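Colleague: Please take me closely through one part of the surface of this model. Then set that part against the rest of the chain.

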Amino acid sequence: MADANSAKKSTLNDQERDLEQQAFIEFQKADYHACHQTLQKLLKTQDSNPKVLHNRAVVEFYNSDLRRYDQFRSAMIQLTGLVGEIRTVEVKDRESCAAYVNQAIVLYHFKQPQAALKIMLAVMAHFDRLDDYLLRRAGIFTVHLLLDTNQPKKANRLLGMLQNRLGIQVYAILSDSDEDEPLIDNESRKDISELQFEEFRKEFRLILIRSNLLNGKKNMSIPLEDTSEYSILKGHQYFLGNDYQMAAKELSKQFTNEPVSVNKHGEDQNTILANNMGVIHFSVKHYALAARFFQQALLFDKSATEDTSTEKVEGSPLYCVGATKRPEILYNHGLALLHLQRPKEAFECMLIVLNSNHNNPRLWLRLAECCIMVHRQEKQTQNTNICHGTVGSGVHRKYVLNPLRKTAVVDGDQSLAIPATTLEFGSLCLRNAVTLLEFHEPELIRQSESTDKTVPWDKLFEGVPCNPSLPMKLASFNKLKCAVLAAYSYVLNTLGEYTLALKYAKQLSTMKDLPQSYLLLSHMYAAEALIMMNRPLEAITYLEPKFIADLSGDDFGMRASPHWNINSAEAARCVMHYNRAVVSFLVGDYEQAKISMGSCNHPLVMPYLKMLNVYQELLLGNYDKVQLLIRYDTPHLI
């Protein structure tokens with residue numbers, strides 16, 4: 001409710017101002033019925049006053065135990081005029097700020113933090129003119145939104161402005177002693193009760209610690225309180241310092257406070273603890289344990305929020321609506337499952353997250369990786385023997401060599417936009433990722449080159465938003481772009497889109513400071529695309545002996561996952577020698593092909609090398625040697 005002292009209309013007479021002040025006092029005492037009656041009296045003479053109409057809507061909402069949020073939301077929309085998708089917000093009248101703040105609060109609980117933040121940034125444009133009563137609530141709420149949307153630098157700047165404006169003493173806020181100097185000077189807290197002041201002090205302390213941690217201040221002092229709030233923050237501090245054992249120990253404590261629940265606080269303590277434990281285990285590569293904790297967190301979340309619904313007019317209170325953490329947990333769970341080589345289950349998790357985070361290029365890449373992993377798992381089950389079977393008998397016996405895997409062709413009636421773990425849908429995901437990266441790249445480069453130090457707090461650039469994951473700065477952006485281009489080129493080659501595959505492979509090879517593992521992939525995919533387009537002379541330029549000899553260093557080992565086969569420079573060189581041998585056969589340079597085959601001594605290429613040996617002997621007319629090779633490889637067919 002707007003403060004009676006914040007915006008007195010010149011049209012109010014003394015009696016009306018007394019009624020306004022009386023209503024405010026009754027609201028502070030939580031006597032909403034009496035407050036509503038007082039406002040009704042005021043409305044008899046001020047029926048078109050937006051401030052009075054706003055206060056009546058707030059009191060009616062509180063009188064319904066915060067349950068009639070649809071009616072309250074409609075009232076705020078009428079006052080602010082913000083309907084539908086919110087693109088730009090301009091708060092012209094300082095006196096209407098309270099209505100905008102309340103609409104932002106409703107949007108926040110309806111899981112629309114970006115829209116709520118747009119409104120609050122417009123309200124904060126009147127920072128110097130807002131009264132202390134509204135500023136305390138609006139300021140802290142804006143900081144919450146900034147931290148929830150991964151913008152800690154802006155949050156930190158806004159907290160500094162609040163400290164200066166409200167006279168907050170930072171050195172006293174983290175103290176456990178109540179005998180220290182007051183947190184806020186008496187002049188700026190005269191409009192709130194002692195109980196409200198203590199609530200504000202606690203909330204400000206928690207938000208300050210959280211902001212400092214997210215801004216990289218790992219060594220700050222955190223009060224030694226065995227409550228769930230401070231233990232979670234302390235665990236986060238240990239986590240940022242890579243002390244995962246202490247972080248897990250902190251989260252496993254017995255807490256002294258009443259358990260935080262959705263019905264009372266709008267959040268579930270067990271859900272948060274289980275999710276954080278999963279993140280800790282994920283960070284130490286215990287993916288199975290991490291997936292177990294994330295699954296447990298999902299069960300806790302379902303149990304805590306199963307009674308809340310946004311469809312009931314008289315349902316749960318507003319703070320219970322949107323209390324679910326399911327999208328964030330599913331994102332974590334999907335990553336853990338992907339590391340466990342369970343791509344179909346990971347795909348189902350990521351798909352749900354996509355509904356609310358479709359502008360995240362990382363998420364599109366993860367979905368594509370699920371599709372690629374399913375394809376590779378199916379490919380590994382195929383027969384790698386030289387001979388598939390025999391036809392006839394005696395002198396008429398013929399050997400049937402293993403056929404190449406045919407390029408998948410999608411049925412014309414099947415839409416590629418239907419989510420499925422296919423390479424076709426994976427290609428669509430990667431196209432979306434490339435589009436998003438191309439859209440954000442110019443701004444990211446411009447901001448990274450900017451040297452302007454006088455940027456306003458709300459214009460600070462903190463990277464490309466990728467909720468629910470962290471924003472992308474230029475370094476992480478380039479890493480993601482490498483991964484997307486490599487995956488896209490691979491998928492397009494597999495689907496027979498060789499022109500596009502060549503385009504993205506070339507684009508990958510021209511990136512600055514490209515790791516050798518990605519450089520290897522760019523050359524391999526470009527050469528493959530050129531071969532399939534019947535341009536072997538161009539393809540061989542990507543497989544030059546000098547390039548192969550220069551493949552060295554620890555890059556392959558450092559970037560290798562347990563299922564990445566090219567995990568050493570030796571393996572990389574053997575793969576490139578094999579590919580050069582194939583191209584040499586295609587251009588008729590059999591001597592060079594034989595030399596390249598002689599350098600293929602890594603187990604990774606052996607299953608493919610034996611088929612190339614058969615091809616070589618067939619070209620040279622050595623049919624007896626071909627039979628000998630088949631006999632060694634598949635003796636049961638002889």
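Modeller: Start with Leu586, which sits in helix H26 (helices are DSSP runs of H or I, at least four residues; strands are E, at least two; both are numbered from the N terminus). This is a predicted model: local features need pLDDT of at least 70, side-chain atom pairs count only at pLDDT 80 or more, and totals for chains, interfaces and linings use all residues. Residues are numbered from 1 along each chain as its sequence is written, and side-chain values use heavy atoms, without hydrogens or water.

Leu586 is partly exposed, at 45% relative accessible area (buried is under 20%, exposed over 50%, partly exposed in between; 1.4 Å probe, protein chains only). Leu586 belongs to a nonpolar surface patch of about 640 Å², together with Leu537, Val587, Tyr590, Tyr615, Leu619 and Leu620. Patch members have over 30% relative accessible area and no salt bridge; like charges are joined within 9 Å, nonpolar side chains (Val, Leu, Ile, Met, Phe, Trp, Tyr) within 5 Å. A salt bridge puts a Lys or Arg side-chain nitrogen within 4 Å of an Asp or Glu carboxyl oxygen. Areas are Shrake-Rupley values.

H26 (569-587) and H28 (606-620) each supply at least two residues. H28 gives the largest share, three residues.

Now the whole chain. It has 29 helices and two strands. Of its 638 residues, 48% count as buried. The chain exposes about 33,100 Å², and carbon and sulfur atoms supply 51% of that.

For a helix with a buried side, take H15 (residues 287-305). Its buried residues are Tyr287, Ala290, Ala291, Phe294, Ala297, Leu298, Asp301, Ala304 and Thr305. Seen down the axis, they fall within an arc of 150 degrees, so they line one face of H15 (the arc uses directions from the helix axis to the C-beta atoms). The face turned away from that buried side carries exposed Ala288, Arg292 and Leu299. Cover for the buried residues includes H13 (262-265), H14 (269-283) and H16 (326-339).

Some backbone details remain. The Asn467 to Pro468 peptide bond is cis, with omega near 10 degrees. Pro468 lies in the loop between H19 (423-449) and H20 (474-495). Lys111 is not a glycine, yet has a positive phi of about 60 degrees. Its loop runs between H5 (97-109) and H6 (113-124). Lys111 is partly exposed, at 38% relative accessible area.

Key
Areas by Shrake-Rupley, 256 points an atom, 1.4 Å probe, with all protein chains shown as cover. Contact = heavy atoms within 4.5 Å.
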